[in-house]
Amino acid sequence: AIGNMIGVALEKARLFSETEARYRELKTLHAISNTILESLDVTVMMERILDKAFEVGRFDCGVIRLLDRDHDRLRLVASRGHRDHEGIVKHYETSGQKSTARIIAEVMASKQTKVKDLSASDGMRTFRREGVCTVVAIPLHTEHDVLGIIQLGSRAIREFQESELRVFHAIGGQAGIAIQKARLYEESQ
């Protein structure tokens, strides 16, 4: 009987923890939705979305890069947490080509979030210089197009639950809506 009570208590604690995590995720997605409604400036929206992504995944550094209208170049729109901020900005200004790393090409082609362990990889020198061990790359997408990418780095080796990856994918979809909204507004002006 005591074993059953302990089992029930553990199950309730697990369910409570899952519910609490889901609540935090929904709260973040709601905050991103509000960001989209509050601003027409793509840079402001992307900075706020990057901040929210940091909160969800407890990341150390990250960037958001958007494809230009011709889908030829990625340009840096927002960055956070880099030790050498000016160096990062300069690097991304000079390397605006469409795919500067294999993971970016994979994410943009598949429209799927990817997690990369940099300790087992040669790529992503910029994040490696920052001491990043794990990178999550999230496509900023609409139903039909990829408009950019968020790269989030952790200086600790991390593994992510499927539920976290679903939230990252949802953030990418919301960011895609924000980009479309800003571009439509810009065109109407």
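Reader: Is Arg 58 buried or exposed in this structure?

Author: The model is a predicted one. Arg 58 sits in the loop between α2 (42-57) and β1, and its phi is near 50°, a positive value in a residue other than glycine. Exposed means over 50% relative accessible area. Because the relative accessible area of Arg 58 is 57%, this residue counts as exposed.

Reader: How does Lys 111 count, and what is its relative accessible area?

Author: Lys 111 also has a positive phi in a residue other than glycine, near 60°. Its place is in the loop between α4 (102-110) and β3 (114-117). Partly exposed covers the range between the 20% limit for buried and the 50% limit for exposed. Lys 111 therefore counts as partly exposed, with a relative accessible area of 23%.

Reader: How many helices and strands are there in the protein, and in what pattern do they follow along the sequence?

Author: The protein has six helices and five strands. Read along the sequence, they follow the pattern α-α-β-β-α-α-β-α-β-β-α.

Reader: How many residues of strand β1 are buried?

Author: Strand β1 covers residues 61-67 and is mostly covered. In a regular strand the side chains alternate between the two faces of the sheet.

Reader: Which strands pair with β1, and in what sense?

Author: One partner is strand β5 (residues 146-154), joined to β1 over six bridges; in β5, Gly 153 is the bridge partner of Cys 61. Another is strand β2 (residues 74-80), also over six bridges, where Arg 80 is the bridge partner of Gly 62. β1 pairs with β5 in the antiparallel sense, and its pairing with β2 is likewise antiparallel.

Reader: What is the nearest side chain of opposite charge to Glu 164, and how far away is it?

Author: Glu 164 has its place in helix α6 (residues 162-188). Leaving aside neighbours within four places in sequence, Glu 164 is in contact with Arg 158 and Glu 159. A salt bridge needs a side-chain nitrogen of Lys or Arg within 4 Å of a carboxyl oxygen of Asp or Glu, and Glu 164 is buried yet has no salt bridge. The nearest side chain of opposite charge is Arg 158, at 4.2 Å.

Reader: Which residues make the nonpolar surface patch, and what is its area?

Author: One member, Ile 6, is found in helix α1 (residues 2-38). Ile 6 counts as partly exposed because its relative accessibility is 48%. Residues in a patch need over 30% relative accessible area. The patch is made by Ile 2, Ile 6 and Leu 10, and its area is about 340 Å².

Reader: What share of the residues of the protein count as buried?

Author: The C-alpha trace spans about 70 × 40 × 30 Å along its principal axes. The protein exposes about 10600 Å², of which carbon and sulfur atoms supply 51%. Buried means under 20% relative accessible area. Of the 189 residues, the share that counts as buried is 42%.

Reader: What part of the contacts with a separation of 6 or more comes from residues 24 or more positions apart?

Author: Contact means heavy atoms within 4.5 Å. Among contacts with a separation of 6 or more, residues 24 or more positions apart account for 62%.

Conventions. Residues numbered from 1 in each chain as written. Predicted model: local features only at pLDDT ≥ 70, side-chain atom pairs only at ≥ 80, totals over all residues. Heavy atoms only, no water. Helix = DSSP H or I, 4+ residues; strand = E, 2+ residues; numbered from the N terminus. Buried < 20%, exposed > 50% of the residue type's maximum accessible area, 1.4 Å probe, protein only. Lys, Arg positive; Asp, Glu negative; His and termini not counted. Patch = residues over 30% accessible without salt bridge, like charges linked within 9 Å, V, L, I, M, F, W, Y side chains within 5 Å. Areas by Shrake-Rupley, 256 points an atom, 1.4 Å probe, with all protein chains shown as cover. Pairing = 2+ DSSP bridges.
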